[in-house]
Structures are given as C-alpha cells and as structure tokens.
Amino acid sequence: MYFTEKKGQRLAVFDHLISAETGQQIEFPVSSPEQEASMRGAEELGRRGLEGVLDPRDPETSLLLKNSTTG
C-alpha cells in the first residue's frame with residue numbers, strides 16, 4: 001500500500017489488490033490524516049504477523065501461533 005494524490009484527493013493505493021473489472025490497483029479515498037495514520041499502523045501490524053503482536057509465553061497464544069504457521 002502506498003499513498004498518492006489524484007485531483008486533489010488523497011488516496012491509499014493497494015498495490016497487491018487488482019480490480020477484476022478494471023484490471024487496475026484498488027484505490028481508496030483517505031478522508032483525514034488520522035485515517036491515513038491508522039491505515040499505516042494496520043499495514044505495519046500485518047507485516048509483523050501474529051508473532052509481532054501476541055505474547056508467545058501465553059500457552060493459548062503459543063498454540064495459536066503454532067497452528068497458524070503449520071496450517
């Protein structure tokens with residue numbers, strides 16, 4: 001995901017999502033700096049995966065992490 005401006009509107013461009021109708025990347029309007037910051041934070045959490053968010057010392061979390069990596 002990256003951010004750009006088109007015709008004065010701030011857009012989030014999802015470079016990994018392609019519209020089946022147009023064949024172009026999905027663009028989503030961003031209405032505020034807070035929304036952009038939230039989207040950037042969500043992207044970072046996605047990059048880190050479960051291991052970056054959850055505590056592996058917790059027995060239930062450990063089992064969840066084990067199952068998420070083994071399928």
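Guide: What follows is a short tour of the chain, topic by topic.

Visitor: What kind of model is it, and what are the ground rules?

Guide: This is a predicted model, where local features need pLDDT of at least 70 and side-chain atom pairs count only at pLDDT 80 or more, while totals for chains, interfaces and linings use all residues. Residues are numbered from 1 along each chain as its sequence is written, and side-chain values use heavy atoms, with hydrogens and water left out.

Visitor: How many helices and strands are there in the chain?

Guide: The chain has two helices and three strands. Along the sequence the pattern reads β-β-β-α-α. Helices (H or I, at least four residues) and strands (E, at least two) are DSSP runs, numbered from the N terminus.

Visitor: What order do the strands take in the sheet?

Guide: The sheet is open, with its three strands in the order β1-β2-β3 and antiparallel pairing. β1 (2-6) and β3 (25-29) are the edge strands, each pairing on one side only. From one strand to the next the twist averages 40 degrees; axes are lines fitted to C-alpha atoms, for helices over the stretch in contact, and angles run from 0 to 180 degrees between N-to-C directions.

Visitor: How many bridges join β1 to β2?

Guide: Five bridges connect β1 with β2 (residues 9-18), and the two run antiparallel. Two strands count as paired if DSSP finds at least two bridges between them. E5 has R10 in β2 as its bridge partner, and K6 stands opposite Q9 in β2.

Visitor: Which residues take a positive phi in the two hairpins?

Guide: In the hairpin of β1 and β2, with two residues between the strands, K7 has a positive phi near 55 degrees. K7 is not a glycine, and this residue is exposed at 84% relative accessible area. The hairpin of β2 and β3 has six residues between the strands, and G23 in its turn has a positive phi of about 75 degrees.

Visitor: What's the cut-off for exposed?

Guide: Exposed means over 50% relative accessible area, buried means under 20%, and partly exposed is in between (1.4 Å probe, protein chains only).

Visitor: Switching to charges. How many salt bridges does the structure hold?

Guide: The structure holds three salt bridges. A salt bridge is a side-chain nitrogen of Lys or Arg within 4 Å of a carboxyl oxygen of Asp or Glu. One of them joins the side chains of E27 and K6, at 3.1 Å from N to O. E27 lies in strand β3 and K6 in strand β1, so this pair ties together parts that are 21 residues apart in sequence. E27 is partly exposed at 38%, and K6 is partly exposed at 42%.

Visitor: Which residues are linked in a network of salt bridges?

Guide: R10, E36 and R40 are linked in such a network. E36 forms a salt bridge with R10, with the closest N and O atoms 3.0 Å apart. E36 lies in helix α1 and R10 in strand β2, so the pair ties together parts 26 residues apart in sequence. R40 forms a salt bridge with E36, with closest N and O atoms 2.8 Å apart. Both R40 and E36 lie in helix α1, four residues apart, about one turn of the helix.

Visitor: Is E36 itself buried or exposed?

Guide: E36 is buried, with a relative accessible area of 13%. R10 counts as partly exposed at 26%, and R40 counts as partly exposed at 43%. Apart from neighbours within four places in sequence, E36 is in contact with F3, R10 and V30.

Visitor: Which residues make up the largest nonpolar core?

Guide: The largest nonpolar core has six residues: M1, F3, A12, F14, V30 and M39. Such a core is a set of buried Ala, Val, Leu, Ile, Met, Phe, Trp, Tyr and Cys residues joined through side-chain atoms within 4.5 Å.

Visitor: And what share of the chain counts as buried?

Guide: Of the chain's 71 residues, 17% count as buried.

Technical notes
Contact means heavy atoms within 4.5 Å.
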